Amino acid sequence: MTGVVARMAGDDPGAVAELFKGLAGYAITVVIGLALIVLVVYPVMMSLLMRRNVYRHFLRAMGPAQLLAFSTSSSAATLPATIRCVEENIGVSKATAGFVLPIGATVNMDGTSLLQAVAVIFLAQLHMVDLTLGQQLSIVLTATLASIGAAAIPSAGLMLLVVVLSSLGLDPAWIAIVFTIDRPLDMLRTVVNVTGDAAVCSVVAHSQGERLFTDPEKLRAA
């Protein structure tokens, strides 16, 4: 794939360098966005809704599931590990975990939604297409809806990027450009998706009056 993209730039080494420089900027932007979700959005959400600062313990408890999500790039494949970590390390009941987490693995794709929005804007800029404010808002809405319908399998979100591009009248074939570096980004956004599922599950359990993070020995073991 990388060789194909390099040939798209022609025989000019400078053009090839510019293309991969643009891809590097795209990847860095996605990584920063995913980091903000995990390190800012989720902690603030949990602190406000649970009235407790438990995010450090939460990350320690979810470590095994996050590692599996990173290696498999699949929320569905990670679901058993996510349920186990939430129940054994955090203290969520089986009923709550069994209801919230399977739904989250299907519809809660925060990392996928962010990637689609960034990818569309990057591809438009790469092809010198100016997007109006209305089109940018449309990207946010369409990317969010498309991520809800994405399957919990590797690179499924990138496939739905075709829908987002088509809705704006852009060429869906452009996604071949971002395919070259999608695998590591897919691994990272799966970690974000799984972390978001567990965070929401913890908040729901807390709202049901369940006692969470009450066993420090399990947290240290995790």
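This is a predicted model: local features need pLDDT of at least 70, side-chain atom pairs count only at pLDDT 80 or more; totals for chains, interfaces and linings use all residues.

Which residues in α7 meet α12, and which residues in α12 do they meet? I looked it up: D110, G111, T112 and L115 in α7 meet D182, L185, R189, V192 and N193 in α12. A contact here means heavy atoms within 4.5 Å.

Residues are numbered from 1 along each chain as its sequence is written, and side-chain values use heavy atoms, with hydrogens and water left out.

**Entry: the whole chain.** I checked the secondary structure and got 13 helices and zero strands. Helices (H or I, at least four residues) and strands (E, at least two) are DSSP runs, numbered from the N terminus. I also checked burial: of the 222 residues in the protein chain, 45% count as buried. Buried means under 20% relative accessible area, exposed is over 50%, and partly exposed is in between (1.4 Å probe, protein chains only). Then I looked at contacts between residues at least 6 apart in sequence, and 75% of them join residues at least 24 apart.

**Entry: α7 and α12.** Two packed helices are described by the angle between their axes and the distance between the axes. For α7 (residues 110–126) and α12, I noted an angle of about 140° and axes 7 Å apart. The axes are lines fitted to C-alpha atoms, for helices over the stretch in contact, and angles run from 0 to 180 degrees between N-to-C directions. That makes α7 oblique to α12. The cut-offs: under 35 degrees is roughly parallel, over 145 roughly antiparallel, 65 to 115 roughly perpendicular, and the rest oblique.

**Entry: α5 and α12.** Helix α5 (residues 75–90) packs on α12 (residues 182–207) at about 40°, with the axes 10 Å apart. I wrote this pair down as oblique, too. On the α5 side, the contact is made by S75, T78, T82, V86 and I90; on the α12 side, by T190, N193, V194, A198, C201 and S202. By class, I have five nonpolar, six polar and no charged residues. Ala, Val, Leu, Ile, Met, Phe, Trp, Tyr, Cys and Pro count as nonpolar, Asp, Glu, Lys and Arg as charged, and the others, Gly among them, as polar.
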